[in-house]
Amino acid sequence: MQETSLRKRREDEKSLQSTEPKTTNLQKELGLFSGICIIVGTIIGSGIFISPKSVLSNTEAVGPCLIIWAACGILATLGALCFAELGTMITKSGGEYPYLMEAFGPIPAYLFSWTSLFVIKPSSFAIICLSFSEYVSSPFYAGCSPPQVVVKFLAAAAILVITMVNALSVRLGSYVQNVFTAAKLVIVAVIIISGLVLLAQGNTKNFENSFEGTKLSVGAIGLAFYNGLWAYDGWNQLNYITEELENPFRNLPLAIIIGIPLVTGCYILMNVSYFTVMTATELLQSQAVAVTFGDRVLYPASWVVPLFVAFSTIGAANGSCFTAGRLVYVAGREGHMLKVLSYISVKRLTPAPAIIFHGIIATIYIIPGDINSLVNYFSFAAWLFYGLTISGLVVMRFTRKELKRPIKVPIVIPVVVTLLSLFLVLAPIISMPAWEYLYCVLFMLSGLIFYFLFVRYKFGWAQKISKPLTMHLQMLMEVVPPEEPPE
């Protein structure tokens with residue numbers, strides 16, 4: 001009886017070994033097309049349908065407005081090229097996190113992780129999903145605003161669905177991204193083609209004397225860039241999933257070189273299209289620029305615009321969740337967050353705990369609902385870390401000369417981007433001083449308390465709580481540690 005039981009157990013073990021995956025590391029399943037789709041899909045979200053009004057309000061004229069949009073595209077491309085060097089030099093997922101770790105050590109990396117995980121990423125995810133739910137629910141409440149309860153429930157449902165999709169499969173998450181990118185490019189193409197047709201028909205009145213009435217100041221230029229770059233935010237997103245990219249030395253720079261100029265061209269042409277049917281004053285008075293454009297140009301098929309804008313926002317939310325989950329995964333792997341957050345699903349080979357954690361935090365942000373001002377103030381923290389990361393590229397040119405650099409940009413590019421990032425951080429403070437900026441800095445620095453208490457000096461009582469919690473979550477979610485950290 002005992003021999004039979006032992007034989008059966010050995011057979012079961014052999015069967016399990018033959019069916020289980022050979023590795024529990026993240027799989028390289030994303031090609032060049034998927035990489036471009038993640039960049040385009042994450043950048044073209046709700047921003048281009050909201051930011052034109054804010055950029056115009058700071059420039060006060062059509063000409064400077066279009067120049068700002070082009071300049072934002074150039075800055076995003078330069079920044080992305082710097083990130084391409086970083087991404088091929090340090091081929092780890094997590095974007096800025098491993099770069100700051102290599103350049104400046106664990107404390108700046110932890111502060112970036114702290115700010116991103118608890119504020120920047122989940123707030124952006126929540127805001128995008130709230131925008132999606134407003135566009136989806138508005139047709140059912142003609143003539144009035146949708147109830148906040150309906151908007152919040154729809155946004156929470158969107159977060160739940162997107163989180164589940166990305167936790168279940170890398171391939172499924174990228175497939176959803178590809179589908180929604182195709183859908184959003186349809187509405188972008190509709191707006192651009194309609195605008196070009198109107199332009200060819202002679203609707204150029206709003207472009208005459210396009211610099212008249214311009215009253216620019218340092219603060220106004222900074223805020224215009226601030227709002228324009230909010231629409232471009234996501235230019236660095238492909239670096240978060242470097243480990244899962246096939247042939248990253250080739251596909252990462254190609255995806256950047258193709259993706260960001262494509263977005264820049266689309267943004268400029270979309271703004272030109274808006275100005276073919278709206279004066280600067282009318283655009284500033286519009287509640288939803290793209291919807292106003294659709295009502296004037298596409299009627300009676302104007303319902304297409306809010307529908308495809310909803311597709312655009314859900315695509316951006318999916319890209320945000322896809323990449324932020326990898327940031328949480330790397331933070332857990334480095335010991336800066338709970339270890340279970342770095343574990344990988346045995347069956348799905350995805351960082352499921354990290355993605356679920358991100359979804360929970362984003363859902364919490366939906367409860368107050370009105371977090372636009374919070375996201376705006378913490379966006380300046382994002383550019384602080386962009387500048388710090390790219391300055392790290394300059395530092396590593398001298399301190400880490402031994403690292404291989406398949407892509408090497410002229411050093412003047414990271415220097416210029418670092419200076420522009422400093423300008424973008426200081427400009428809103430100079431033009432509109434507010435206590436919220438101080439609160440933001442204090443919140444970022446408060447991460448140091450948690451770092452020294454729970455990361456640098458690990459107290460015994462904290463370990464007694466975290467170890468059984470990790471064990472139970474590991475059994476519940478069927479996740480295991482990665483076999484070895486990628487070099």
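Of the protein's 487 residues, 54% count as buried. The cut-off for buried is under 20% relative accessible area. The model is a predicted one. The exposed surface comes to about 21,900 Å². Carbon and sulfur atoms supply 66% of that area.

Next, the secondary structure. The protein has 18 helices and two strands. Now take the contacts between residues at least 6 apart in sequence. Of these, 83% join residues at least 24 apart.

Helix α8 covers residues 170–200, which is 31 residues. From its first C-alpha to its last, α8 reaches 44 Å. Gly202 follows α8. The phi of Gly202 is positive, near 100°.

Now turn to a pair of helices. Helix α13 takes in residues 304–333, and helix α14 takes in residues 352–366. Their axes come within 8 Å. The two cross at roughly 115°. The crossing of α13 and α14 is right-handed.

Which residues of α13 and α14 make the contact? On α13 they are Ser320, Cys321, Ala324, Gly325, Arg326, Val328 and Tyr329. On α14 they are Ala354, Ile355, Phe357 and His358. By class, the contact has seven nonpolar, three polar and one charged residues. Arg326 of α13 is the charged one, because Arg belongs to the charged class.

Note on methods. Residues numbered from 1 in each chain as written. Predicted model: local features only at pLDDT ≥ 70, side-chain atom pairs only at ≥ 80, totals over all residues. Heavy atoms only, no water. Axes fitted to C-alpha atoms, helices over the stretch in contact; angles between N-to-C directions. Helix = DSSP H or I, 4+ residues; strand = E, 2+ residues; numbered from the N terminus. Left-handed = near helix turned anticlockwise from the far one by under 90°. Contact = heavy atoms within 4.5 Å. Buried < 20%, exposed > 50% of the residue type's maximum accessible area, 1.4 Å probe, protein only. Areas by Shrake-Rupley, 256 points an atom, 1.4 Å probe, with all protein chains shown as cover. Expected span 1.5 Å × (residues − 1).
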